Every structure is written in C-alpha cells, then in structure tokens.
Amino acid sequence: MMDTTTVAATRHVPADLPTRIQHYIDGEFVDSADGDTFDVLDPVSNETYLQAAAGKKADVDRAVAAARRAFTDGPWPRMLPRERSRVLHRIADIVESRDARLAELESFDSGLPITQALGQARRAAENFRFFADLIVAQSDDTYKVPGRQINYVNRKPIGVAGLITPWNTPFMLESWKLAPAIATGNTVVLKPAEFTPLSASLWAGIFEEAGLPQGVFNLVNGLGEDAGDALVKHPDVPLISFTGESRTGQIIFANAAPFLKGLSMELGGKSPAIVFADADIEAAVDATIFGVFSLNGERCTAGSRILVERSIYDDFVERYAAQAKRVVVGYPHDPETEVGALVHPEHYDKVMSYVEIGKSEGRLVAGGGRPEGFDEGNFVAPTVFADVPSDARIFQEEIFGPVVAITPFDTEEEALALANGVRYGLAAYVWTNDLRRAHNFSQAVEAGMVWLNSNNVRDLRTPFGGVKASGLGHEGGYRSIDFYTDQQAVHITLGAAHNPTFGKKETPAEMAEDAETAEG
Ligand code: NAD
C-alpha cells in the first residue's frame with residue numbers, strides 16, 4: 001500500500017473519465033454540425049485528455065431554436081413557481097449528493113485544490129436552493145389610486161437567455177446564472193469556458209433526472225470567438241449574462257448593441273485590501289493571504305493589492321511573506337493542497353510573465369517562480385512583491401494568479417487614492433477598528449462590494465457586481481430575478497374612463513386639464 005505522501009505526489013486521474021464531450025441540444029447529446037472538436041488538457045500534465053465538440057454558428061442556431069421552442073410551446077414558463085421550485089430543489093439535492101465526484105472532476109480539469117472544488121460544488125447546490133425559495137416567496141408591486149386606478153407589475157420571463165461563463169470556478173459560476181435564469185421561467189443556452197468543459201457536461205444528466213422539461217437547458221461547447229460570438233449575435237437571444245475578462249466584455253457589449261440586448265457583465269478585478277494600523281493584524285494577514293491565494297489566485301474578487309499603513313508596514317510585510325512561503329502548493333487532488341495548478345499553460349505563461357515584470361517593479365519577498373519539486377504542470381509559488389509603486393503594471397493589471405502587490409500609505413486620503421487608482425472596481429477589503437473611518441472609507445471606495453474586517457463571505461441575497469471596468473449591472477438575490485424578467489406595468493381604471501376628448505369643442509381650461517393627465 002502507498003503511504004499518503006506518495007499518493008499525493010502522483011497525478012490523479014479520476015475513474016471513468018470521458019474521452020469526448022458533446023453538445024446537449026433539445027434533450028440530446030450531439031456532435032458539432034461540422035464534426036469539429038478541440039483539445040482539453042489537464043493542468044498537472046498538460047496532456048490532452050479529451051476532445052470536446054467545437055460549436056459554431058450552426059450549432060448555436062440549433063440550440064437557440066430548441067430553447068425558443070421550449071419557451072414558446074413548452075410547459076416551463078407557464079408552470080407555477082412552486083412547481084418550478086420543486087425541480088430546482090431536486091437539482092440541488094442531486095448536486096449535493098454528487099459533490100465529491102463533481103469536485104474530483106472539477107479539480108482534475110481546472111487544477112483547483114480538491115477541498116476548494118468541493119466547497120464550490122456545495123455552493124452550486126445552494127444557488128439552486130436559494131432561487132427555488134426566492135421564486136415562491138417573490139412578491140411584486142401594486143399601487144392604487146383610491147377609487148380611480150390600480151397599477152400592478154406583471155413579471156414575465158423574457159425568453160432564451162445566453163449564458164457565457166469563465167473557467168475559474170466553472171460549475172459554480174454556471175449555477176449562478178443557470179439557477180435564476182430557469183427559476184424565473186426562461187430557457188437557456190450555456191456556453192462554458194473552453195479550458196474547462198468537463199463539469200458543465202454533467203448538468204444535462206442532473207437536469208434530466210430532476211425533471212427539467214426538454215429544451216429548457218441547452219449546452220454548446222466551443223471557442224469564445226465562434227460559439228460565444230454566435231450566441232451574442234443571435235437575434236432570438238434577448239439576454240446575455242457574461243462573466244469573464246473586461247476586454248471580452250467590451251467586445252460582447254459592442255456585438256450586442258445592434259440588437260439592444262439585456263446585458264449583465266461580471267468582469268475583471270484588481271481589488272485592494274486596505275490595512276490600517278489599528279486593525280487586528282493577525283486576522284488581516286490571514287484574510288489577505290486567503291484572499292489572494294485561494295482558488296489559485298484565479299479569483300475575480302482576489303485582494304491582489306494590499307495597501308498597508310506605514311507604521312505597521314515592515315512588520316506586516318515580514319509576517320505576510322513568512323506565511324506566504326508556508327502556503328502549501330500541491331497536486332490538486334491532495335486534501336492538504338492550498339494552491340494547486342493554474343488552469344492552462346497559456347494562462348501559466350501569462351502569470352509567469354507578470355512574475356518576471358514584478359521583479360523589476362517591486363521587491364520580491366516570497367515565491368517568484370516555479371515551486372520546488374514541481375517540474376511539470378502549471379504550478380506557481382505564492383508570490384509576494386513589496387514596495388510596489390502605483391504605476392507598476394503588477395499594481396494596475398489583473399494577473400489572475402497567486403501573485404500579490406503590497407504598497408505602503410501614510411494617510412487615509414492616500415490610501416483611498418491608491419485604492420481607487422486603477423480601472424477596476426469589483427471588491428475592496430477594509431481592515432480597521434475605527435467605526436467612523438470604516439464606514440466613510442467603505443462608502444468612498446470605488447468598488448461594487450466591500451468587506452469590512454472580513455474575508456469574502458457573501459450572503460446570497462446581497463447584490464454581486466462591479467463598477468468601472470469590473471462590470472455592468474448587479475446579479476444576486478432579487479436583482480437576478482429582475483435581470484431575468486420583464487416587469488410589465490398593467491394599469492386598470494376603476495372609475496369612469498377619463499378620456500381626453502380630441503375633436504370636441506372645449507374651453508382652453510378644459511383642454512389644459514386633459515393635457516395634465518396625459519403622459520408619455
Ligand atoms: P474570458 O473573457 O477569456 O472568457 C470568458 C468566456 O467568454 C468564455 O466562455 C469564452 O469562451 C467566452 N468568450 C471569449 N471571447 C468571446 C467573444 N468574442 N464572444 C462571446 N464569448 C466570448 O475570461 P476567462 O479567461 O475565461 O476568465 C477569467 C476572467 O473572468 C478574469 O478577468 C476574471 O476576473 C473574470 N471573472 C469575473 C467574475 C466576476 O464575477 N466579476 C467572476 C469570475 C471571473
């Protein structure tokens with residue numbers, strides 16, 4: 001029998017791994033119309049382990065047609081919220097019951113540490129449960145003008161939602177869009193990230209088993225510029241929910257403009273963690289280590305810039321670097337692993353190029369390359385640069401890996417200017433025990449989400465989204481319901497119809513009174 005060290009140091013290949021992945025359209029697994037496929041690598045060996053169907057316009061057309069039929073003729077949009085809710089709860093039950101297998105596959109495909117992949121699988125189940133509950137508790141506005149009028153909101157699903165997702169926590173991020181989109185009665189076409197299609201291929205079986213009607217969920221794999229592009233440009237897809245890089249968001253924004261589509265954009269980040277001298281320093285070090293090294297640093301809300309008040313700066317940097325050096329880099333399947341392998345050699349090269357840039361921009365105090373003992377695969381040692389100036393590229397640009405920049409500040413004003421001095425505005429983490437400063441600083445910082453004396457822990461009811469280059473619109477809780485529904489206003493006259501009368505002779509005073517009640 002192998003001891004645990006040997007097991008952990010060996011590449012782990014899950015049992016029953018598929019060798020090909022197809023699209024799922026109208027309840028059937030199908031190949032691309034032109035038979036094309038693309039390679040999928042595992043990030044530990046960088047060997048191709050499966051072929052996925054490479055969707056193009058023809059495949060997207062077929063998927064959208066199926067989703068459109070399910071929307072116009074199928075039962076799903078017309079079912080009672082309680083009936084849809086039951087299906088969503090069953091989906092959550094199935095995901096929960098398979099969390100270990102889901103985590104195993106996700107970890108193998110993406111390089112995420114197994115314990116973190118397991119947490120993400122459970123969060124995916126929770127997303128379905130949350131929206132299952134929310135739609136049955138949903139209330140809508142009614143306004144009355146006594147004796148004259150009642151106005152109410154008739155909330156309706158919109159149609160076929162196009163969902164385009166990234167590779168960093170694939171299954172969980174897909175659930176984040178799938179759950180509210182289908183909970184509200186829409187039908188969907190999902191285009192998952194091409195680096196990590198494995199876990200997405202499991203949705204079809206889960207949905208079938210849970211009783212989701214045929215055609216409600218459709219999946220087209222493929223490259224962004226082919227399958228993603230065709231989905232964005234499809235005239236029968238009125239909504240696009242996209243999570244990915246800010247640059248891709250700009251392209252999608254432009255491509256969706258001629259169709260005036262509803263867009264929700266969750267984009268990149270370069271989030272600051274601001275540590276004031278009066279903070280609980282140990283808690284701040286723990287949280288900011290986790291904040292940038294969890295999920296391999298491939299985390300949109302990573303606190304990848306740490307701003308530290310000068311009086312505690314040297315002590316903070318010393319403690320931080322020492323702890324960063326102890327972060328356990330390991331094989332993704334090993335439960336001891338804290339940082340696994342980056343998703344793909346292309347992304348590894350990008351992160352490593354920033355590590356090299358950082359060496360001339362800041363003072364390297366931890367990491368700085370490949371960790372010892374890992375000659376193959378996309379492993380990067382947790383890397384810490386101190387004394388990083390605000391015009392450095394590693395301060396300004398999203399690296400999306402286990403690399404952090406630390407910068408000192410002298411005053412609260414300077415801290416705010418540094419925090420806001422980038423194009424992004426996704427998250428911010430503020431560490432201080434001064435109540436007034438905590439609130440004033442949080443309100444002034446340009447970020448869609450702020451955590452005070454806390455790591456990133458989010459109640460699903462709260463809005464999620466960024467400002468500036470980090471996003472457009474907010475999802476989360478009832479804001480997701482708002483994005484995936486139309487709120488039609490219905491106005492009913494209770495009294496005698498009060499019509500402005502054109503073409504009858506009236507006094508100027510009567511005409512003015514009629515004009516006052518007309519609008520739009
Ligand atoms: P990406 O933009 O390269 O790809 C995201 C998705 O868009 C993929 O499915 C891709 O195939 C598709 N795509 C690419 N080009 C397209 C096009 N022209 N038209 C339509 N679709 C296209 O992003 P990524 O590298 O997969 O993910 C990492 C990025 O995602 C980082 O910037 C990260 O910050 C961001 N992210 C943001 C959040 C958030 O909630 N704000 C969450 C996770 C990740």
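A surface patch, as the term is used here, is made of residues with over 30% relative accessible area and no salt bridge, and nonpolar side chains are joined into one patch within 5 Å. The structure to which this is applied is a predicted model. In this model, Tyr152, Ile492 and Leu494 make a nonpolar surface patch of about 260 Å².

Thr407 belongs to strand β17, which covers residues 403-409. Its relative accessible area is 5%, so Thr407 is buried. What does Thr407 touch, leaving aside residues up to four places away in sequence? The list consists of Ile306, Leu307, Val308, Tyr313, Val388, Phe395 and Leu418.

The next topic is the ligand. There are 30 residues around the ligand, and those that come nearest are Thr165, Lys191, Glu194, Thr248 and Glu398. The side chain of Trp167 has an N or O atom 2.9 Å from an oxygen atom of the ligand. A polar backbone atom of Glu245 is likewise 2.9 Å from a ligand oxygen atom. With Leu267, a backbone N or O atom lies 2.8 Å from a nitrogen atom of the ligand. How much of the ligand's area does the protein bury? Taken alone, the ligand exposes 850 Å², and the protein buries 92% of that.

Charged side chains can be followed in the same way. A search of the whole structure finds 24 salt bridges. One of them joins Asp482 and Arg155, whose closest N and O atoms are 3.0 Å apart. Asp482 is in helix α16 (residues 478-483) and Arg155 is in strand β7 (residues 149-157), so this pair ties together parts that are 327 residues apart in sequence. The two partners fall into separate accessibility classes: Asp482, at 28% relative accessibility, counts as partly exposed, while Arg155, at 19%, counts as buried.

Another salt bridge is formed by Lys359 and Glu356, with the closest N and O atoms 3.0 Å apart. Why are these two residues separated by about one helical turn? Lys359 and Glu356 are three residues apart in helix α12 (residues 345-361), and therefore about one helical turn lies between them. Lys359 is partly exposed at 37% relative accessibility, and Glu356 is partly exposed at 45%.

A further salt bridge is made by the side chains of Glu412 and Arg437, at 3.8 Å from N to O. Glu412 lies in helix α14 (residues 412-420) and Arg437 in helix α15 (residues 435-444), so the pair ties together parts 25 residues apart in sequence. Glu412 counts as partly exposed at 28% relative accessibility, whereas Arg437 is buried, with a relative accessible area of 16%.

Salt bridges can also join into a network. Asp34, Asp36 and Lys56 are linked in this way.

Definitions and conventions. Residues numbered from 1 in each chain as written. Predicted model: local features only at pLDDT ≥ 70, side-chain atom pairs only at ≥ 80, totals over all residues. Heavy atoms only, no water. Patch = residues over 30% accessible without salt bridge, like charges linked within 9 Å, V, L, I, M, F, W, Y side chains within 5 Å. Areas by Shrake-Rupley, 256 points an atom, 1.4 Å probe, with all protein chains shown as cover. Salt bridge = Lys/Arg side-chain N within 4 Å of Asp/Glu carboxyl O. Helix = DSSP H or I, 4+ residues; strand = E, 2+ residues; numbered from the N terminus. Buried < 20%, exposed > 50% of the residue type's maximum accessible area, 1.4 Å probe, protein only. Contact = heavy atoms within 4.5 Å. Near = heavy atom within 4 Å. Polar contact = N/O pair within 3.5 Å; in protein donor to acceptor, adjacent residues only side chain to side chain.
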